[in-house]
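Good morning, and thank you for making the time. I would like to take you through a few local features of one structure, moving from strands to sheet to helix to surface.

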2 protein chains.
Amino acid sequence: MKNNTIVFDLLNNDNKEIEAIKAAYEFASKNSNYSLIIVGNQKTIEDNLPSKLNNIEIINSTNIVKKPSENIREILAHESSMLSAFDILKERNADAILSSGDSASFISMAALKVKRLENISRPAFMPVMPSLYLDSKILLLDAGANVEIKSNYLEEWAILADAFYKSIFKHEPRIGILNIGTEDYKGPLALREANESLKKNKNINYLGFIEPEDIIVGNADVVVSDGYAGNLFLKTLEETVINIGKVFKNIIMSKTKNKIAGLLLKKDLTKFKEKFDYRNVGGAYLIGLEKIIVKAHGRSDAQAFLGALNQIKFALENNLMENLRNDLEQKNKKEE
Amino acid sequence: MKNNTIVFDLLNNDNKEIEAIKAAYEFASKNSNYSLIIVGNQKTIEDNLPSKLNNIEIINSTNIVKKPSENIREILAHESSMLSAFDILKERNADAILSSGDSASFISMAALKVKRLENISRPAFMPVMPSLYLDSKILLLDAGANVEIKSNYLEEWAILADAFYKSIFKHEPRIGILNIGTEDYKGPLALREANESLKKNKNINYLGFIEPEDIIVGNADVVVSDGYAGNLFLKTLEETVINIGKVFKNIIMSKTKNKIAGLLLKKDLTKFKEKFDYRNVGGAYLIGLEKIIVKAHGRSDAQAFLGALNQIKFALENNLMENLRNDLEQKNKKEE
């Protein structure tokens, strides 16, 4: 079996590097055919690694990324563990990178340090969302990397996500463009142009425009959008789920009678809650580039990091990058 | 007391006109100083009105609006009760209009038939949303009337909604622009320009950019956005609330133990559910025009219509239009 290398930025996380070190150690112990290059404070790492492992290499880097900035040159001018991780990904030609740091910096660095896939104009930020009613997952792209877009970005992302979905989830996804109505004449021009073009594409299962309800009830597997709409959709959905949960908890805790009801429901509610727990959902991909690039949640603990490492392992074992390249090549041939 | 006139389009509703007739009758019986001009099928109205009332005038119009179309000329070329209602609003110089028909048609007709307020470039669709944690209401504008915007629309809407909020809710609102981040450099150009301008405006309590979480947890009273983002935010929020409710109901009904818990929680959950019931939330305003223009929910029943009529009554009694005009005039003077 091929030896795969994952570069792992341990810093830039709300829990400092301790949780990331735990996850790296556990993953490396169990997966001898994977090499981890972990980037962070060497002393902290050595102090916290239970033992030395042959397949863990430590790179010393002690700076976190500067607070988010619109200025890409500023981000690149400051040494940080995230930037070191991207440099190593490039220099060593590693297979994948994982970080839980600031999304905007992560996206900027990736776009600059990693080559784009052929015929892909821009990488897209792509979280994997749980479905409310179904057991399947939903891909949303772009969730914030590209605020202003052109219609061809949306077309390219639809094709890319189709290949991704088939490679990872083993069946053909239903693909829609997120819009404020399902009628072809609605929404911004770039969406309407992409919609017309994708309707003619016989290589994908394209639904047309979809609304938030369609996604929430499970009528689509891949949601294509600009980063502005996608980001707002994702955050609104997440925050509504979280806050209704809080309101419900307040109701449960408000009186004895309700507390009893809470105990009766506990098992089933916990199951529902776990489905939406970011630790079980996995990291978000930055897709459209020549590497597997995964951004874990900023609050990630060891369990969440381990989930993200296993997510990368699964993608590598399923030959994700080769599948994407082949699929894009075939589709582009057909289109010609 | 001044006699106010409300034009009420009874058709274009999922429940046909019966529920609207009930609401019109109840409102007119109780409010002798209000005149209602109701537009719909004369025979159906006469058959269903319990008795003749002096302050109800019937206008016969039997066509619903054609299915939504991007072509404004097409909408205006077809006689419909909604179009008749707008014509009457104009001809009789009535004070307000209410309809539960197709939003896109409603907005197009209003924009063409009703004069704009001074210094307002475009009307905005403005639902009044319940707050998850607080008892206060949140105004969202624009929720879908203007997909493509200029920065000055956002600035004008912020000023307009400030005046509206003070006139109806009697205190100064906290105003934010919905964006994908709170940093000044984030999001589309029009938002950034409006943000810079509003930060300098000393006449309103402007918070800067806000994210979905800020709205959901109750950190803002007025949310300004383009119609694309506003519509997606509103629909995502609504559909998430509705569908989590359904998932929860499924959990309750899945076994005896959970059914018992459901009975224990029933009273408190019903209270929560009622807060978000569209019948209690009221209609959405189309704001920025020289009349009170309210769009009720497409599924409105008698209770919802009566709520919308009382909402209009409240606005009239609080001299909403005069307050808006005066407030805009003063603010524009100060700005000069």
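Let me begin with a term: a strand here is a DSSP run of E with at least two residues, and strands are numbered from the N terminus. In that sense, B:Ile59 lies in strand 3 of chain B, residues 56-60. Please keep in mind that this is a predicted model.

Which residues does B:Ile59 touch, leaving aside those up to four places away in sequence? They are B:Ile37, B:Ile38, B:Val39, B:Gly40, B:Ile88 and B:Arg92. B:Asn41, in turn, is 18 residues from B:Ile59 in sequence, with a C-alpha to C-alpha separation of 8.0 Å.

I remain with chain B for another strand. Four of the five residues of strand 8, residues 174-178, are buried, so the rest of the structure largely encloses this strand of chain B. Strand 8 of chain B pairs with strand 9 of chain B, residues 205-210, in the parallel sense over five bridges.

I turn now to chain A and its sheet. Five strands form an open sheet of mixed pairing in chain A, in the order 6-7-10-8-9. Strand 6 (128-130) and strand 9 (205-210) of chain A stand at the edges; each has a single partner strand, and therefore one side of each lacks a neighbour in the sheet. On average, neighbouring strands of this sheet are turned by 25 degrees against each other, direction ignored.

Within the sheet, strand 8 (residues 174-178) and strand 10 (residues 222-224) of chain A pair in the parallel sense over three bridges. Here A:Ile175 stands opposite A:Val222 of strand 10. Helix 6 of chain A, residues 151-169, packs on the sheet and touches strands 6, 7, 8 and 10 of chain A. The direction of helix 6 makes about 155 degrees with that of strand 7 (137-141) of chain A.

Another helix of chain A deserves a word. In helix 5 of chain A, residues 103-113, the buried residues are A:Ser105, A:Phe106, A:Ile107, A:Met109 and A:Ala110. Their cover includes helix 3 (72-77), helix 4 (81-91) and strands 4 (96-99), 5 (124-126), 11 (284-287) and 12 (292-295) of chain A.

Finally, the surface of chain B. B:Ile72, B:Leu76 and B:Leu112 form a nonpolar patch there, with about 220 Å² of accessible area together. B:Ile72 belongs to helix 3 of chain B, residues 72-77, and counts as partly exposed because its relative accessibility is 32%. Thank you.

Terms used
Residues numbered from 1 in each chain as written. Chains lettered and ligands numbered in written order. Predicted model: local features only at pLDDT ≥ 70, side-chain atom pairs only at ≥ 80, totals over all residues. Heavy atoms only, no water. Patch = residues over 30% accessible without salt bridge, like charges linked within 9 Å, V, L, I, M, F, W, Y side chains within 5 Å. Areas by Shrake-Rupley, 256 points an atom, 1.4 Å probe, with all protein chains shown as cover. Salt bridge = Lys/Arg side-chain N within 4 Å of Asp/Glu carboxyl O. Buried < 20%, exposed > 50% of the residue type's maximum accessible area, 1.4 Å probe, protein only. Pairing = 2+ DSSP bridges. Axes fitted to C-alpha atoms, helices over the stretch in contact; angles between N-to-C directions. Contact = heavy atoms within 4.5 Å.
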